[in-house]
Each structure stands twice: as structure tokens, then as C-alpha cells.
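The sequence and the structure are shown first.

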Amino acid sequence: RAPDAPRLQICGMRNIAAHSYDTVDLEIARGILTGGIPKLKAYCCYIINTKCDEPQSAAPAGVIDVFE
């Protein structure tokens with residue numbers, strides 16, 4: 001229902017945090033927490049507020065690039 005969601009990046013980050021937490025670069029993690037998470041939250045709010053049975057329009061600018 002959300003084909004442009006960054007699923008691979010989300011799963012990849014989860015796997016690193018869960019299984020390789022001792023190798024996580026703290027500056028990268030800080031960047032994700034301060035920049036990526038707010039964008040992901042905005043994207044999720046956008047998805048939740050869009051009716052699932054209607055074709056989705058483009059997400060607001062700057063929301064999709066969650067982990068870039």
C-alpha cells in the first residue's frame with residue numbers, strides 16, 4: 001500500500017541495531033535519530049491519513065528520503 005516506503009533501509013537499520021549494536025557508528029545513529037526518524041514519522045502520518053482504498057498521490061517533499 002505504500003510502494004515508496006523505505007522498507008529495506010528500515011529493516012537493515014533494525015538488523016544492525018539488534019544484531020551488530022557493538023559496531024554501530026554513533027554519529028550515523030545520531031543522524032538517523034535526529035533527521036531520519038522525524039521524516040519517517042511524517043511519512044507514516046501521511047500514509048495513515050491517506051485512505052487505503054484510494055490510489056496514493058505523491059508523498060510530501062522531503063518525506064521519502066528518510067535515510068538519505
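## Contacts along the chain

Of the contacts in the chain with a separation of 6 or more, 57% are accounted for by residues 24 or more positions apart; contact means heavy atoms within 4.5 Å. This is a predicted model, in which local features need pLDDT of at least 70 and side-chain atom pairs count only at pLDDT 80 or more, while totals for chains, interfaces and linings use all residues. Residues are numbered from 1 along each chain as its sequence is written, and side-chain values use heavy atoms, with hydrogens and water left out.

## Secondary structure and surface

The chain has two helices and zero strands, taken as DSSP runs (helices: H or I, at least four residues; strands: E, at least two) numbered from the N terminus.

The chain comprises 68 residues, of which 21% are buried (under 20% relative accessible area, with exposed over 50% and partly exposed in between; 1.4 Å probe, protein chains only).

## Residue A17

A17 lies in helix α1, which spans residues 7–19. Its relative accessibility is 40%, so A17 counts as partly exposed. The C-alpha atoms of A17 and A29 are 9.2 Å apart, with the two residues twelve positions from each other along the chain.

## Cysteines

There are zero disulfides in the structure, a disulfide being a pair of cysteine sulfur atoms within 2.5 Å. C44 takes part in none, and the nearest cysteine sulfur, that of C45, is 7.0 Å away. C44 has a relative accessible area of 35% and is therefore partly exposed. C11 is also partly exposed, at 47% relative accessibility.
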